[in-house]
Each structure stands twice: as structure tokens, then as C-alpha cells.
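Biologist: I would like to learn how to read a helix and its surroundings in a model of this kind. Could we go through one together, step by step?

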Amino acid sequence: MAPAITLDHTLPPVVPESNQTPATAPTNTLFSLAGRTVVITGGGRGLRNDPDNRQEWIAVQKLATSKGLQATYTRCDITDEEATKGLLENIAEESKARNMPLRGLITCAGIQQMVPALDYPVDGYRKMLDVNVLGTFIPAKHFSRILVEQKTPGSIVMIASMSGQIANRGLTCTAYNSSKAAVHQMCRSVAQEWGQYNIRVNTLSAGYIRTAMTDALLKEKPEVEETWMCGALLGRLGAPEDFKGPTIYMLTDASAWMTGADLRVDGGHCASA
Ligand SMILES: NC(=O)c1ccc[n+]([C@@H]2O[C@H](COP(=O)([O-])OP(=O)(O)OC[C@H]3O[C@@H](n4cnc5c(N)ncnc54)[C@H](O)[C@@H]3O)[C@@H](O)[C@H]2O)c1
């Protein structure tokens with residue numbers, strides 16, 4: 001189907017996103033997301049809060065309200081292009097009306113599956129690529145179309161994994177690892193296309209984090225934790241909080257000249273063999 005929006009490809013001025021040069025901006029301005037709306041996919045649980053868990057969601061809302069901010073969530077299958085496009089357009093419109101334009105996207109939704117490659121069912125492999133690869137591309141594409149139309153700069157953080165660069169010892173996750181490698185290359189490719197619109201695209205490659213996703217895996221194979229701890233140079237696995245600083249850095253003007261790059265945050269796992 002032909003896309004509904006006709007894009008005006010006139011370029012926005014290439015200036016840092018806050019209109020202040022990084023050299024003159026105070027540090028708190030450089031790392032500030034004030035006046036911007038950021039969309040996060042896959043916010044249902046794990047690295048973030050579970051909207052079904054009322055307590056956590058209420059706490060997030062309370063915090064947002066106390067700071068004069070708004071936190072909302074919507075259920076959407078990110079592999080459904082029309083639904084994702086419509087949702088992003090609605091968010092962009094509402095954000096504009098609140099004078100907090102859409103400026104950031106974190107593509108975090110993903111799935112993981114452990115199956116030996118010799119037995120990997122093709123349907124399962126396809127599903128992995130559908131959710132992890134297309135499910136990254138679809139929101140990134142429609143977010144960027146909106147920004148090009150709005151003529152505003154922005155930043156996309158694609159949650160990849162160290163597994164896009166290394167094969168995890170003791171884990172049989174060929175499809176997952178391939179999908180994350182695809183996200184790395186997608187990032188470089190779209191960064192190359194969208195830099196002209198001042199849209200930055202980078203990947204954040206996480207190491208082993210205790211989340212619902214990894215809890216399920218460790219329940220199935222408890223011995224794997226020992227292998228993971230061998231590479232934990234800081235003596236622990238990651239926690240969701242370890243990604244707050246890196247993500248804010250990648251979304252804000254603090255990283256104004258960073259695009260098409262990968263930031264690996266893995267507690268040193270990939271640094272030692
Ligand atoms: N936990 C880790 O150790 C680890 C390490 C490296 C990278 N990652 C990556 O971090 C991201 C988040 O992982 P997590 O550990 O929080 O996992 P999680 O399973 O706890 O969260 C994943 C989220 O994605 C959502 N999701 C899945 N399919 C979707 C779809 N089709 N449409 C919309 N949402 C969908 C799920 O509902 C869930 O909220 C993933 O991309 C994962 O690959 C995790």
C-alpha cells in the first residue's frame with residue numbers, strides 16, 4: 001500500500017537538538033530531555049515496568065505527575081505496521097499540542113528463544129526476525145517519517161545486544177543472535193540515510209541483565225548463570241537501572257555527534273575471553 005504522508009524532504013538546519021552548541025551548554029542542559037516526548041516500545045515488563053503491575057505503574061505515574069510530566073502506555077503489536085504508524089502519529093499530534101514534540105524513540109520490544117540450531121524450527125526463526133528486526137524497523141521508519149515532516153531533529157536508540165557481536169557460551173540462540181546483528185547493521189544503514197535530517201540512530205548493546213526475559217531462561221538452565229558470572233568483571237549481572245544513564249546520554253544533546261554507533265554496556269563481559 002502506498003504511504004499516506006507525502007514527505008517534504010527540505011532539510012532542517014543541522015544544529016544540536018537544543019539549539020545550543022555542546023560547548024556552551026551547561027552539563028544539565030546537555031543531558032536534558034525537557035520539552036521532548038520519547039516513545040519506548042516493549043515497555044510492558046523486564047527492563048521497564050509492567051503496566052499490569054498496578055503498583056509499579058502507579059509509582060511511575062506519581063513520579064511523572066510530581067515533575068509536571070505525563071507517562072502513558074498503549075498496547076500495540078510493533079510488527080503491525082498500520083497500527084504502529086497510527087499510534088506514533090497520534091502520539092506526535094498529542095505531543096505537539098502539549099508543546100513537547102516527539103523527539104526520541106527507544107526500540108526495546110524483543111523476544112528471545114533458546115533452541116539448538118540443528119533443531120531450530122523455521123517458523124520460530126521467522127518469528128524472531130519478525131519481532132526483533134522488523135519490530136525495530138517499523139517504529140524507526142514511522143518515527144523518522146514524522147520527524148522529517150515536522151522538520152525536527154531526533155534520536156533513536158535501538159536496543160540490540162552484545163549477542164549481535166558475539167555467540168554466547170552455553171546458549172543456543174542462533175535466531176536471537178542473528179536478529180540482534182541485523183539490528184546493528186540496520187542502525188548503521190538508516191543512520192547513513194537519516195543523518196541529513198538530523199535524526200541520529202545508535203544501538204545500545206546490553207550484556208546480561210536480570211529481567212523477566214532472562215529469569216525464564218535461567219529457570220530453564222540454572223547452570224548458565226555460573227557461565228555468565230565468569231565474564232562479570234564487576235562481580236554482578238546487570239540491573240535495569242544500569243541502562244538509565246546510557247540511554248539518556250544517547251537520547252540527548254550530550255551525544256549530538258554520535259550516530260551509526262554502538263554503545264556496549266555489558267559489565268565488561270566482552271572484554272575478556
Ligand atoms: N535481559 C537481558 O539480559 C537483555 C540483554 C541484552 C539485550 N536485551 C534486549 O532488551 C530488550 C528488552 O528485554 P527484556 O529483558 O526487558 O525483555 P522482556 O521480555 O522482559 O521485555 C520485552 C518486551 O517486549 C514486548 N514485546 C514482545 N513482542 C512484542 C510485539 N510484537 N509488539 C510489542 N511488544 C512486544 C513484551 O511484551 C515485553 O514487554 C529486548 O530487545 C532484548 O533483546 C535484553
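Biologist: Which residue with a positive phi follows α3?

Modeller: This is a predicted model, and in it α3 is followed by Asn 99, whose phi is positive, near 60°. At the N-terminal end of α3 the cap is Asp 80, with a side-chain oxygen 3.3 Å from the backbone nitrogen of Glu 82.

Biologist: Which residues of α3 are buried, and why do they line one face of the helix?

Modeller: An α-helix has 3.6 residues a turn, so residues three or four places apart point the same way. In α3 the buried residues are Thr 84, Lys 85, Leu 88, Ala 92 and Ser 95; seen down the axis of α3, they fall within an arc of 100°, so they line one face of the helix. What covers these buried residues includes β1 (37-41), β2 (102-107) and α4 (122-150), whereas on the other side of α3, Glu 93, Glu 94 and Ala 97 are exposed.

Biologist: How far can the coordinates be read, and what is the average pLDDT of the protein?

Modeller: Where pLDDT is low, the predicted coordinates should not be read in detail. The protein averages a pLDDT of 89, and 88% of the residues score at least 70. Over residues 1-9, however, the pLDDT is below 50, although this stretch has 11 contacts in the model beyond near neighbours in sequence.

Notes:
Residues numbered from 1 in each chain as written. Predicted model: local features only at pLDDT ≥ 70, side-chain atom pairs only at ≥ 80, totals over all residues. Heavy atoms only, no water. pLDDT = per-residue confidence, 0-100. Contact = heavy atoms within 4.5 Å. Buried < 20%, exposed > 50% of the residue type's maximum accessible area, 1.4 Å probe, protein only. Helix = DSSP H or I, 4+ residues; strand = E, 2+ residues; numbered from the N terminus. Arc of directions from axis to C-beta. Polar contact = N/O pair within 3.5 Å; in protein donor to acceptor, adjacent residues only side chain to side chain.
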